[in-house]
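Welcome! Please take a moment to look over the sequence and the 3D structure shown here, and then read on for a guided tour.

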Amino acid sequence: MKKDGISTAAKGLIVGGTMLVPGVSGGSMAMILGIYDRLVSSVSSFTKQKKESFFFLTVFTFAALAGMILFASPLLALIEAYTKPMMFFFLGTVAGGIPMMYQKARVQAFSWKLPVYVIGGILAVMLVSLFPAEAFSSGAGGTGVLVLASAGFVAAIALILPGISISYLLLMLGIYQDTMKAISTFDLGFLTPMGIGLLLGIVLTTKVLEGAMQRYPQPTYLIIMGFIIGSAADVFPGLPVGWEWVLCSLSLMMGFGLIRLLTENEMIKTEKFKKSSEMY
C-alpha cells in the first residue's frame, strides 16, 4: 500500500504540474503515465472498493494540487526560456506512452479498422477547435444557471477525455476569464451551478468510459491514442534550427525514456486492481 501510494503521489505531481502547460491535457498525461484507467475505475466504481478507491483518489488529488502549486510556474518559466527543447520533451512523453496504449488495445492482428480508429480520434480533437466561440457565455437568471451547468458538464468531458485541454476548451466557450475571476473571488453564484454540472459530467463520463474500456478495449484505446496524437500538434513548436537539434533530440529521448520507466510496472498493477475490483 505504501509503495503504491508513493507511485500514485509521484504521478499525481506530474499530472498536476503539467496540467497548466499550454496544449498539455491532464487526461493525456494520466493516460501516458498508465494511471488513467485506474482513475476512471476508482471514480465510476467507487462503491465497489470504497477504502482503496478513497485512498487512491485522495493521494492522487492532493498530489496533483501540490504539483500545480510547486511545478506549474517553474515549468511555464522553462517553456518560455527554452520553448523548443521543453516542447520536444513533452512530445517524447507522448511517444513514450503510445506502446502502453497499443498494448491495452489488445491488438492481435492488423486490420483496416485500426488506423480508422486512430484517425477518428485525431479528427475529433481537430473538430473541437471549430466549436463556436463564447457559446456558453453566462446569461442571467434561470437561463444563466442552466448555461453554466451545461458549461460545467462540457468541461467535465474535456477534463476526463485525454487530448483535450480544459483551459483551452473554457477559452473557446468564452468563459475562461469569467471562470478564473469567479475562482479568485469565490463567486458561489457562478461556481455552484458550474460545479454541479462538472460533477455530473465526471460521474457520467467515467461510467461510460469504464464500460467502453472493458467491453470495447481496442476501439476505445485506439481512439484515445488518436486524441493524444491530435493534441500533440498544439505542442509541436516547429523544427529546430542549428544547435537546437542537439538539445531537442536529447529532450525528446529524455521524455520518452522517463515515461517508459514510469509505466513499466503500471500495466501489472492495473490488471491486479481490475481483478480485485471484479471480485466484489
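What follows is a short briefing, grouped by topic.

This is a predicted model, in which local features need pLDDT of at least 70 and side-chain atom pairs count only at pLDDT 80 or more, while totals for chains, interfaces and linings use all residues. Residues are numbered from 1 along each chain as its sequence is written, and side-chain values use heavy atoms, with hydrogens and water left out. The chain holds 13 helices and zero strands. Helices (H or I, at least four residues) and strands (E, at least two) are DSSP runs, numbered from the N terminus.

**The whole chain**

- Of the 280 residues in the chain, 46% are buried; buried means under 20% relative accessible area, exposed means over 50%, and partly exposed is in between (1.4 Å probe, protein chains only).
- Among contacts between residues at least 6 apart in sequence, 80% join residues at least 24 apart; contact means heavy atoms within 4.5 Å.

**What the record says**

- An unreviewed UniProt entry annotates "transmembrane region" at residues 12-35, 55-79, 114-133, 145-176, 188-209 and 245-263; positions are given in the numbering used here, feature names are shortened, and annotations may be inferred rather than shown by experiment.
- In the model, residues 55-79 are 100% helix and 0% strand, with end C-alpha atoms 33 Å apart.
- Residues 188-209 are also 100% helix and 0% strand, and there the end C-alpha atoms are 30 Å apart.

**Nonpolar cores**

- A nonpolar core is a set of buried Ala, Val, Leu, Ile, Met, Phe, Trp, Tyr and Cys residues joined through side-chain atoms within 4.5 Å.
- The largest one has 43 residues, and those with the most contacts inside it are Met31, Tyr36, Leu39, Phe90, Ile224 and Ile228.
- Which helix gives the most to this core? That is helix α11 (residues 217-235), with eight residues.
- Another core lies apart from it and has eight residues, including Leu170, Ile175, Phe190 and Met194.
- Tyrosine 36 touches Gly27, Ala30, Met31, Ile160, Leu161, Pro162, Leu209, Met213 and Ile224, leaving out residues up to four places away in sequence.

- Helix α11 is mostly covered, as 14 of its 19 residues are buried.
- At 1.5 Å a residue, the 19 residues of α11 should span 27 Å, which agrees with the 27 Å between its end C-alpha atoms; the expected span is 1.5 Å times one less than the number of residues.
- Eight of the nine residues of helix α3 (residues 36-44) are buried, so the rest of the structure largely encloses this helix.
- Those buried residues of α3 are Tyr36, Asp37, Arg38, Leu39, Val40, Ser41, Ser42 and Ser44.

**Aromatic pairs**

- A search of the whole structure finds three aromatic pairs; rings of Phe, Tyr and Trp (its six-membered ring) pair if their centres lie within 6.5 Å, and planes under 30 degrees apart count as stacked, over 60 as edge-to-face and the rest as tilted.
- Phenylalanine 56 and phenylalanine 60 form a stacked pair because their ring centres are 6.4 Å apart and their planes lie at 20 degrees.
- Both residues sit in helix α4 (residues 50-81), four residues apart, about one turn of the helix.
- Phenylalanine 56 is buried at 1% relative accessibility, and phenylalanine 60 is buried at 10%.
- Phenylalanine 89 and phenylalanine 90 have ring centres 5.9 Å apart and planes at 75 degrees, so this pair is edge-to-face.
- Phenylalanine 90 is buried, with a relative accessible area of 4%.

- Valine 15 lies in helix α1 (residues 2-18) and is buried at 3% relative accessibility.
- Beyond its neighbours within four places in sequence, valine 15 is in contact with Gly26, Met29, Ala30, Leu33 and Phe60.
- Lysine 104 lies in helix α5 and counts as buried at 6% relative accessibility.
- Lysine 104 and tyrosine 221 are 117 residues apart in sequence, and their C-alpha atoms are 6.8 Å apart in space.
- Arginine 106 lies in the loop between α5 (83-104) and α6 (113-128), and is partly exposed with a relative accessible area of 46%.
- The phi of arginine 106 is near 55 degrees, a positive value in a residue other than glycine.
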